[in-house]
Number of protein chains: 2
Amino acid sequence: MAQAVPMVELWRGGLLESRHLGHAVICGPDGQIVQAWGDPGKVIFPRSSCKMLQALPLVESGAADAGGLTDAQLALSCASHQGAALHVGAVDRWLTGLGLHESDLRCGAHEPYDRTERDRLIRGAEAPCQYHNNCSGKHAGMLTWVRHMKAGSEYVEPDHPLQRAIRDAFEATTGENSPGFGIDGCSAPNFATTLLGLARSMAFFANAPDSGDARSRAAYRLTRAMAAHPEFVAGEGRACTELMRAMGGRVALKTGAEAVFIAILPDQGLGIALKIEDGSGRASECAIAALLVSLGALEADHPATRKRLNARQVNWRGIDTGVLAAAPGFPV
Amino acid sequence: MAQAVPMVELWRGGLLESRHLGHAVICGPDGQIVQAWGDPGKVIFPRSSCKMLQALPLVESGAADAGGLTDAQLALSCASHQGAALHVGAVDRWLTGLGLHESDLRCGAHEPYDRTERDRLIRGAEAPCQYHNNCSGKHAGMLTWVRHMKAGSEYVEPDHPLQRAIRDAFEATTGENSPGFGIDGCSAPNFATTLLGLARSMAFFANAPDSGDARSRAAYRLTRAMAAHPEFVAGEGRACTELMRAMGGRVALKTGAEAVFIAILPDQGLGIALKIEDGSGRASECAIAALLVSLGALEADHPATRKRLNARQVNWRGIDTGVLAAAPGFPV
């Protein structure tokens, strides 16, 4: 079992201050490993990085088409959005269209990451609602499936038909029996897999033809929906949104809590999965940018890249204090 | 050079999700190593964990006494406070007493961590000021020294007499020539040292007699001021404040950015310094709690401990999702 390798370093005053270790796998069309760092067999929770996997049953079942979902809504169903007005409004209209209410969600509420919406709530002495939860788009997608299949309302229970359908899609595309599940921040089960399994699944998405079976067509559509609507996948200022824009819609990206990051590269037929051992988001953002640059998919000097890779650190008075960079030897 | 050792683990659904490696040193009365994990020679930036060191010249020079500083103010001079009304008001009155203004600070402004004060600013469409900076108490202490010594106003410049005095105190108590400095978030220079040097310095604080030379008396007083006024060192809900309260004022604690933590234990004559390699605060809080429990200074079942060590993780709906715990074998 290979050890995690140094992937990201924070430098200050010419000295190394902090360091992040991680594992990463790139898989090709047939699910074979193209390149790997650390331990491909490392068992991880993909967390929100697998939301496109959790959305497969929604599209595959015909529920998305029956409900007339747009690509923007499909992108939102794969999102960890920041609860901006754009996202909150879209989820509100979506649930209203289903004849459902905010209280039908099972994701819980938290303060939105979006500053404008956060400040609006505070000024109005208004509590955040479940629409503000970064997973509310995923849950709206889940409720769309539930309505279409006439399934029960407690859709985050691990033995609910929806979660069983997600597990089937998850295991089929990772090519592994999941060793178990955890409960995510939004209360949905999150199935564990090896990092190789997650990369293999992302390679399935990258290579899925528009003309294949229902699952392939669903994967094709979800990938394009994410890449075409980056503003719905995360939000202004966020890594997924900014980096997808920087790549001009040719790559789908998704972050997950505890420093998981995936990339789907249809042009190259590649799927990437990485996990920083310590769960640091700054490090997973830096490492995925480094991998995308090394594959020629992302420009090293693009502002969205430089915000995360070889990123100058400035303090509260705008003084340069250091740099966040890829570790020597990573990725090449 | 010993590798960092596993110190903290995050578990979810019965599986290991994330892991933090670190280094730690405990030093005794003569600065000798009592126990160490990882590499005692690891060079680190102490960041805010060394604020009591940066406050030594303030007390040692007589500036604190000449200005009539209270122990609460001395605690605030060693603080990374959260910009609550308590802290902002105290710094405001302090500077006013010196005949100075907010604009004389050189720490910069950032949104306060304290929710009540943050929300008050947002509701009033008021921008945060330099008083809200978590380091404003340290800077008020620095300005007190500057006034007393009739030194220049640009007190964060590395060649300012104050910073030279801090470097002297830093090197004398760490027992090392600092290999360099970085610029901190608050713009002050932050001198590098080995982890052993930082632990040795904390042991100096732990063993400094009230009857010794000016530096010893300053260290004695600063240690007692921090331990007696935990609310000024950080704030409600924060690790330093809650854990110092849990230990009944017998131990002084201080966190620093990028996952540094120190402890000063006068009863046992011990000084502790630890650094989590990846810079994660959740991990440094968990690890210092584990060390303090192992030394018998902190109760394992105290609510302040259980919030950080063997801490149940709950999601937005209050569902138990896992646990943050010390890694097997750490500290014993």
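The model is predicted. It scores ipTM 0.97 and pTM 0.98. The largest nonpolar core holds 103 residues.

**Confidence**

- Chain A has a mean pLDDT of 98.
- In chain A, 100% of the residues reach 70 or more.

**Nonpolar cores**

- In soluble globular proteins, nonpolar side chains tend to be buried together.
- Five of the 103 residues in the largest core touch the most other members: Leu198(A), Phe205(A), Leu253(A), Ile288(A) and Leu292(A).
- Leu253(A) has contacts beyond its neighbours within four places in sequence, including Met226(A), Val233(A), Cys240(A) and Leu243(A).
- Met244(A), Met247(A), Phe261(A), Ile262(A) and Ala263(A) are also among the contacts of Leu253(A).
- Leu253(A) is in contact with Ile288(A) and Leu292(A) as well, and both of these are among the residues that touch the most other core members.
- Another core, of 102 residues, lies apart from the largest one. Its members include Ile44(B), Cys50(B), Tyr131(B) and Leu309(B).

**A hairpin in chain B**

- Strand β11(B) spans residues 311-314, and strand β12(B) spans residues 320-326.
- The two strands pair in the antiparallel sense over 4 bridges.
- Val314(B), for its part, stands opposite Asp320(B) in β12(B).
- The hairpin has 5 residues between its strands.
- Gly318(B), in this hairpin, takes a positive phi near 80°.

**Cavities**

- Rolling a probe the size of a water molecule over the atoms shows where empty space is left.
- The structure holds 3 cavities of 30 Å³ or more.
- From chain A, the lining of the largest cavity includes Arg19(A), His20(A), Leu21(A), Glu277(A) and Asp278(A).
- From chain B, the lining includes Arg19(B), Leu21(B), Glu277(B) and Asp278(B).
- Strand β2 (15-27) of chain A and strand β2 (15-27) of chain B each supply at least two lining residues.
- The largest share, 3 residues, comes from β2(A).

**The largest pocket**

- The largest pocket is lined by 40 residues.
- Trp316(A), Arg47(B), Tyr113(B), Ala257(B) and Glu258(B) lie nearest its centre.
- In chain A, β1 (5-12), α13 (281-294), β11 (311-314) and β12 (320-326) each supply at least two residues of the lining.
- In chain B, α12 (239-246), β8 (252-256) and α13 (281-294) each supply at least two.

Definitions and conventions: Residues numbered from 1 in each chain as written. Chains lettered and ligands numbered in written order. Heavy atoms only, no water. Core = buried A, V, L, I, M, F, W, Y, C linked by side-chain atoms within 4.5 Å. Buried < 20%, exposed > 50% of the residue type's maximum accessible area, 1.4 Å probe, protein only. Contact = heavy atoms within 4.5 Å. Pairing = 2+ DSSP bridges. pLDDT = per-residue confidence, 0-100. 1 Å grid on protein atoms, 1.4 Å probe; cavity = no way out; pocket = protein on both sides within 12 Å on 5 of 7 lines; lining within 4 Å. Points joined across faces, edges and corners; volume = space filled by probe spheres on them.
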